[in-house]
Structure formats: C-alpha cells, structure tokens
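Please keep the sequence and the structure open while reading.

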Amino acid sequence: MAESGPEVPALISQSGKPSGARWILDRRVMVIGRSPECDLVIPDRQVSRRHARLRRTEEGYLLEDLKSKNGTFVNGAPVEEPVLLQDGDVVQVALAAKMVFVGTEATMPLARGGASGMESGRLRMDPQAHRVWVGEIELDPPLSPPQYKLLELLYRRSGRVVTRDEIVEVVWPETGGEGVSEQAIDALVRRLRDRLAELDSEHGYLVTVRGHGFRLDNPA
C-alpha cells in the first residue's frame, strides 16, 4: 500500500476483507478485484477477478463497474454508468466489502479545539474513515453523505451553535447558498436525529437553538 501525504484521496474499508484497510488513490487508473494483479485486492469469491475501475480525471475520480457478476454500488445505488465520487460516498463491492471515499478536504485535521472534549463523549467520530459510534456500538449502515457532513460539522464545532447558512455551505456547497429551503435543512436534521436514536433513544444529540441554528450535545 502506497504511502502519501494528506492531499491524496483514499478509500477506507468499513467492512469486508481486509477490514480497516486504507488504499491511497495515487495512480491515474486503479482496478478493484479478486485477482492478485489488481491494484485494490479484495480476496472474496463474491468479487470478480476484475470487478471495478477507478480513473482519475480533471473533475475527480470516476468509478466504473467492469461488468462484474455481483455488482458495484455507490450509496446503495448500482453503478451502471461511470460515477464521479464525492467525499463521503460509500462504495460497496458486491456484498463483500464496503468502503468510504475520502476526498482531500476530508483528510484535514479537526479544527483547533474541535476534538477537545469530544473524544470522551458518548458519540465519537473518525473523520478520516467516516465512521460513527454511540457508546461502543458503531452506527450501521453508515450515514448518508449529507447526514455525515452535517454531523461532522457539528462535531468539529464542539458544542457551539452552527447556523443554517453554515450548514448549507458545508452540506450543499454546489448550490452557492441558493435554493435550499429551511424545510430541507429541518428534514436533514430530523433524519440524522432518527439515525442516532437507533443506538440511543434517550438522549437528543442535536439541539435546536431557535433563531440561531443547531448544536451538538455530546454527553460524557
């Protein structure tokens, strides 16, 4: 596995073989498959010998299924045409492996003070692997990319209030702040609350601060 600096995107394994692996995407073309000749080797019989291909373009990394027997998926949707990966996308290879695509912006360290006081909280995050735990239990299936971006924003702010404008800027950066309604933000917050409640229904982690925004309440 190649070593690289923090500016290089990566795929980080969430489940499957090998568990916990981190593949640096430092080549123009990388093939995923069961064959030892592949760049990203997944030793599972559900995986085709040459299963999928990652190709670096000016826009980013394109993921293409190579007519595999059991399919390639991004955020649960089958890859039928090449898909441009976005930070936080969950890539699934057949039923054998699940990986998170981590873009360059996601490899930045937490803002100063962002992790302070949070590491001992009941809710914990691994920003590079895009994994979330409540207590000792990991949230599975993983959060959707918008849900994860919202939670990470609140997590980085260490309990401080995050405004709606800040949420739009982080979760929907392509909109330039236009066209995202308050109802869309509220719906995203509600869905994230529901996911966290799957593991802890007694504590409301996302607090609405009326007239200001939202903050994360992460008890010790």
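## Salt bridges between separate elements

Arg27 has a relative accessible area of 41% and is therefore partly exposed. The model in which this residue is seen is a predicted one. The side chain of Arg27 forms a salt bridge with Asp39, and their closest N and O atoms are 2.4 Å apart. Arg27 sits in the loop between β2 (22-24) and β3 (29-33), and Asp39 in the loop between β3 and β4 (40-41), so the bridge ties together parts that are 12 residues apart in sequence. Asp39 is also partly exposed, at 29% relative accessibility.

A further salt bridge links two helices. Here the side chains of Arg164 and Asp186 meet with an N to O distance of 2.8 Å. Because Arg164 belongs to helix α2 (residues 164-171) and Asp186 to helix α3 (residues 182-197), this pair ties together parts that are 22 residues apart in sequence. Arg164 is partly exposed, with a relative accessible area of 23%, and Asp186 is partly exposed as well, at 30%.

## A pair with one buried member

Which residue does Glu198 meet in a salt bridge? The partner is Arg195, and the N to O distance is 2.9 Å. Arg195 has a relative accessible area of 12%, and since buried means under 20%, Arg195 counts as buried. Glu198, by contrast, is partly exposed, at 48% relative accessibility.

In general, side chains of opposite charge can pair when their charged atoms come close. The count for this protein is 8 salt bridges, and those described above are among them.

## Fold and burial

The protein contains 3 helices and 16 strands. Of its 220 residues, 45% are buried. Among contacts between residues at least 6 apart in sequence, 45% join residues that are at least 24 apart.

## Hairpins along the chain

Strand β12 (residues 123-126) pairs with strand β13 (residues 131-134) in the antiparallel sense, over 4 bridges. Within this pairing, Asp126 has Arg131 of β13 as its bridge partner. The two strands form a hairpin with 4 residues between them, and His130 in the turn has a positive phi of about 55°. Strand β13 also pairs with β14 (residues 137-138), again antiparallel, over 2 bridges. Trp133 has Glu138 in β14 as its bridge partner. A hairpin is formed by β13 and β14 too, with 2 residues between the strands; in its turn, Gly135 has a positive phi of about 65°.

Leu206 stands opposite Leu216 in β16. There are 3 residues between β15 and β16, and Gly211 in the turn has a positive phi of about 85°.

## The cavity

How many cavities of 30 Å³ or more does the model hold? The count is 1, and the largest cavity has a volume of about 90 Å³. Its lining consists of 13 residues, and those closest to the centre are Gln14, His130, Pro142, Leu143 and Tyr148.

By class, the lining of the largest cavity is made up of 7 nonpolar, 4 polar and 2 charged residues.

## The second largest pocket

The second largest pocket has a volume of about 220 Å³. It is lined by 14 residues, and Gln86, Asp87, Lys149, Pro173 and Glu174 lie nearest its centre. Helix α1 (residues 145-156) gives the most to this lining, with 3 residues.

The lining of the second largest pocket divides into 7 nonpolar, 2 polar and 5 charged residues. For the largest cavity, the corresponding classes hold 7 nonpolar, 4 polar and 2 charged residues.

Terms used
Residues numbered from 1 in each chain as written. Predicted model: local features only at pLDDT ≥ 70, side-chain atom pairs only at ≥ 80, totals over all residues. Heavy atoms only, no water. 1 Å grid on protein atoms, 1.4 Å probe; cavity = no way out; pocket = protein on both sides within 12 Å on 5 of 7 lines; lining within 4 Å. Points joined across faces, edges and corners; volume = space filled by probe spheres on them. Nonpolar A, V, L, I, M, F, W, Y, C, P; charged D, E, K, R; others polar. Salt bridge = Lys/Arg side-chain N within 4 Å of Asp/Glu carboxyl O. Buried < 20%, exposed > 50% of the residue type's maximum accessible area, 1.4 Å probe, protein only. Pairing = 2+ DSSP bridges. Contact = heavy atoms within 4.5 Å.
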